[in-house]
Amino acid sequence: MKSVQGQIANAFSSDGALAKAIDGYQERQVQTTMALAIGEVVPNQEKLVVEAQTGTGKTFAYLISAILSGAKTIVSTGTKALQEQLYYKDLPVVREALNKPLKTALLKGRSNYLCIERLKKQQAEGASGNEQLAHDLGQIKRWSAHTVSGDLGEVPGVNESSFAFPLVTSTADNCSGRKCKYYDDCYLLRARRKAMEADLIVVNHHLFFADMALKDTGFGELIPESELVIFDEAHQIPDIACGYFGQSLSTRTLKELASDVAYVYYSELKDTKQLLKAAQIVERCSDQLRLCFSHQGERGNWHEALKRQDIHNAFEQLSVNLDFLYQVIKISLGRSDTLDNCFERLLELKTRFDLFKQSDKLGFSFWFEANRLHLQLNISPLSIADKFTEHMKDLKTAWLFTSATLKVDDSFEHFNQQLGLTDVKTLSLASPFDYQQQSMFCVPRYLPEPANPQYIDALAQTISVLTQASNGGVLILVTSFSTLNRLQAMLSTQLSQQLLVQGSDSKQNLLKQFANDGHAVLLATASFWEGVDIRGDALRCVIIDKLPFASPDDPLLKARLDDKRKQGIEGFDAVQIPQAVIALKQGAGRLIRDQQDRGVLVLCDTRIISRPYGRVFLQSLPDMKRTRDIKQVINYLENISA
Ligand code: SF4
């Protein structure tokens, strides 16, 4: 019987399990190195950080290592889409290749599963006047009659942003738990039970940190049980975890509670008019607080906002009336299980609400975000390092953190510091792609700097020229929606190729259209900087407008910069540059996805050359052939397009 390390090495060899199962399998030394490094840390519960650049094959490396080491494993990915790809595409190939018995489970967050109790409540309250909402609820009801998983992603003909979903899903606040009539049939609980029995569970970072921070119950028991925790797309952890190690409170949650209390009055306790009145006042006060902010939506510093008289008064009013609701419910305790549950929720919400009264607490950022309907108040810790290490220290688990983009200026220091990782092994695996042969990188000479009023015209002009040379196949990544809108207006009259724009369809559909067309131009921002994997000729050129520094209006960023300033550290170097380097590496990584791919990366921001900090960015990019001469780029694109 071979050792685990022997089995891992064998699985990746040219005549091993993968070679037998996958047509055209090519052995990659970097992939085997990564798998063996993981195999090494599992028995001693060590921590390993791996930057595995594009093309390494990191997913198979960690899956095979986890399965062959026999460790109970949690794999956490960045998004639900990646979670599904891993579970439905990659995992079956590996299972078949290894031919080992293995129990697996895919577990999503609470808001993905139908809540039977809330669906019944929705039906009892009757259809709303909104036609689209009534249609969506009808679809969900028909689907609910035969679903096995209760995963709302399976409902046909309902858009994923439908207003119907929040109405038929639970939150940790409104779930009745063991007191629920449908407890035994609950889809969420069934999914959690299945996960408890599995050898390998696939989750996403949001779910992982929600549970690690014990904001929700059920899945939290899985983390102590696991022997290996794998974070893929680990560069996203600091930002995601920050949201869960903090606190938040939405006027939506308060209104839901008020609506549930009113429902108890109508359905069970008709003799307690005060109950209805108190609930209605809380609902009204929640709306009044929301209305203090811009109708279009707004975000900012909560401490500053509270200095405004109207906001201060509305917040105080809500506080007084939450107390009033508390007193009124208290009188009827013991008369209705649902009301008792509302009382517990109210207690918890009141405690959270009070936290926002001390908005100058050190070490935290207090900020708000208002959308069209609700106001959300947030408290985020300025660093997650202490909390994260506190949670890690009691667990008898090996940890793997991996991503294609972890290092800044050739060092893991920034990533390790953010998570508070000490005593950690690191491994840097270069891409097997030949970037010198496969690609070119250009920062066009003579372009004005982004702050120059002539910049946007020059940018549009550059895009037009390059699109013509490559006959499409261009992905334009911009750093803001305002640039996206201005470019869309300019390019739609200048380009002969099909222009696809983020927001006109789902991300998945836009990418499909782009890949099928072969000559299209895709203009996008935000989420398209990551998770876009277009192989082959359809993508020949990636154009990036600016170095992707986070918006200085972001309240959390502002608070982090202030905090660094107080410590005598230059926030721009310590916070903004590393963040932007990781984002640029992600954007640049969209170009070459395969050994056969060829293309050009164009960055239209001359600050990368003219400013001293540009060196850190240049050093972090793949080793592409470099030029400043746009004519060379045009020739190159004409050649590969021909
Ligand atoms: S246990 Fe909670 S999530 Fe499950 S059906 Fe009941 S209320 Fe809904």
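Guide: Let us begin with strand pairing: two strands pair if DSSP finds at least two bridges between them. The model shown here is predicted.

Visitor: How many bridges join strand β8 to strand β9?

Guide: Seven bridges join β8, residues 364–370, to β9, residues 375–381, and the two strands run antiparallel. Within this pair, W367 stands opposite N378 of β9.

Visitor: In what order do the four strands of the open sheet lie?

Guide: Strands of a sheet pair through backbone hydrogen bonds, in either a parallel or an antiparallel manner. Here the order is β6-β9-β8-β7, with antiparallel pairing. The edges are β6 (247–250) and β7 (298–301), each of which pairs on one side only. From one strand to the next, the twist averages 15 degrees.

Visitor: Which domains does the assignment give for the chain?

Guide: Domain 1 comprises 4–102 + 199–244 + 384–429, domain 2 covers 115–188, domain 3 covers 247–381 and domain 4 covers 435–641. Taken over C-alpha atoms, the centres of domain 2 and domain 4 are separated by 41 Å.

Visitor: Where does the ligand sit, and which residues surround the ligand?

Guide: The ligand sits in the largest cavity. Around the ligand are C115, I116, E117, S170, C175, S176, C180 and C186.

Notes
Residues numbered from 1 in each chain as written. Predicted model: local features only at pLDDT ≥ 70, side-chain atom pairs only at ≥ 80, totals over all residues. Heavy atoms only, no water. Near = heavy atom within 4 Å. 1 Å grid on protein atoms, 1.4 Å probe; cavity = no way out; pocket = protein on both sides within 12 Å on 5 of 7 lines; lining within 4 Å. Sits in = over half its atoms within 2 Å of the grid points. Domains from an automatic or database assignment. Axes fitted to C-alpha atoms, helices over the stretch in contact; angles between N-to-C directions.
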